[in-house]
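Biologist: I would like to learn how to read a helix and a pocket in a model like this one. Could we open it and go through a few features slowly?

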Amino acid sequence: MKTKSGGGFRNYVKKGFLAYDLMFLPGLILLIIFSIIPMYGIIIAFQDYIPSKGVFGSELNGLYNLTELFARKEIWRVIFNTFFISFLKIVLGFPIPIIFSLLLNEVRLQGLKKGVQTIVYLPNFISWVIMSGIVLDMFSTNGGVINNLLGLFNVPPQHFLDDENYFVFVIVITDMWKGFGWGSVIYLASIASIDVSLYEAAVIDGAKRFKQTVHVTLPGMMSIIIMSAVLNLGNVLNAGFDQIYNLQNDLVLRTSEIIDTFSYKLYKNEYAWSQSTMIGLMKSVVSAVFIVSGWKLASKLTDYSVF
């Protein structure tokens, strides 16, 4: 038994599995310290939390915070805004990185291809604190680029960021602009992994570039597309706190107040720590349900599985 065990361990090390485990260990430690251990704070959602008493000193009050939260008259409007903005971002923003990666894959000049990639990636690395200033300048009624372009067609300046009818669409469009370049990275990688012999076979069969894209490239990307779609379902309640909080104002609160900004203001302005924690817990539960449902649906309809 000892000989077999020793030999098994030596084979384990020789095959490199131990090295993979050691590489995985720092990430696991960080996950435990910063994500798993702090989860004990979820108990605040079921307490009448008082900071001076702490988590373990505050009294439990069951589901009182949940009932108080849904007793607020603005909560349903906030939930609707969150779902509506998230839905627009997912439905309108999801195909853009896929289309962009397919188009960029057709560029044969490597210098041009890399230059375009660099330009479209850059916005992803700019925080919304800075990006919001750029967006405010772009849509300004006083010399903003967008209104200057509209002026060329004799259209009067529009208050895009002060009009609740325009604001949501500005949010969606600027979010797509900021993220589609980085979102295309995974699709470009999946295209690069497709077997070249499949394209050669398609050429022999007389398929032109468009048919090669439809019958070779897209099927080769399908597993990544499905995985991304399922993961996007988990963000159905993440409408973009950083973006909206930095761009919203009192004139557009009715259509721009989302769960995250509402929760933050509960904590900051009303010191409603327990209700704010309850919102976070609800978001996590709903996101988990959507992700699991997405995996099940993908497995049933397309025989796709993460395992």
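Biologist: Which residues are buried in α6?

Modeller: First a word on the source: this is a predicted model, in which local features need pLDDT of at least 70, side-chain atom pairs count only at pLDDT 80 or more, and totals for chains, interfaces and linings use all residues. Residues are numbered from 1 along each chain as its sequence is written, and side-chain values use heavy atoms, with hydrogens and water left out. Buried means under 20% relative accessible area, exposed over 50%, and partly exposed in between, with a 1.4 Å probe and protein chains only. In α6, the buried residues are Lys113, Gln117, Val120 and Tyr121.

Biologist: Why do the buried residues of α6 line one face of the helix?

Modeller: An α-helix has 3.6 residues a turn, so residues three or four places apart point the same way. Seen down the axis of α6, the buried residues fall within an arc of 100°, so they line one face; the arc is that of the directions from the helix axis to the C-beta atoms. Gly111 and Ile119, on the other side of α6, are exposed.

Biologist: What covers the buried residues of α6?

Modeller: The cover includes α5 (95-105), α9 and α10, where contact means heavy atoms within 4.5 Å. Helices here are DSSP runs (H or I, at least four residues), numbered from the N terminus. In α5, the buried residues include Pro97, Ile98 and Phe100, and what covers the buried residues of α5 includes α4, α6, α9, α10 and α12.

Biologist: Which residues lie nearest the centre of the largest pocket?

Modeller: On a 1 Å grid over the protein atoms alone, a pocket is an open set of points where a 1.4 Å probe fits, with protein on both sides within 12 Å along at least five of seven lines, and lining residues have an atom within 4 Å of a point. Here the largest pocket is lined by 26 residues, with Lys89, Asp175, Gly179, Asn232 and Asn235 nearest its centre. Helix α9 gives the most to this lining, namely seven residues.

Biologist: And is Asn246 buried or partly exposed?

Modeller: Asn246, which lies in helix α13, counts as partly exposed because its relative accessibility is 29%. Leaving out residues up to four places away in sequence, Asn246 touches Trp128, Val129 and Ser132. Asn246 and Gly234 are twelve residues apart in sequence and 23 Å apart in space, C-alpha to C-alpha.

Conventions: Helix = DSSP H or I, 4+ residues; strand = E, 2+ residues; numbered from the N terminus.
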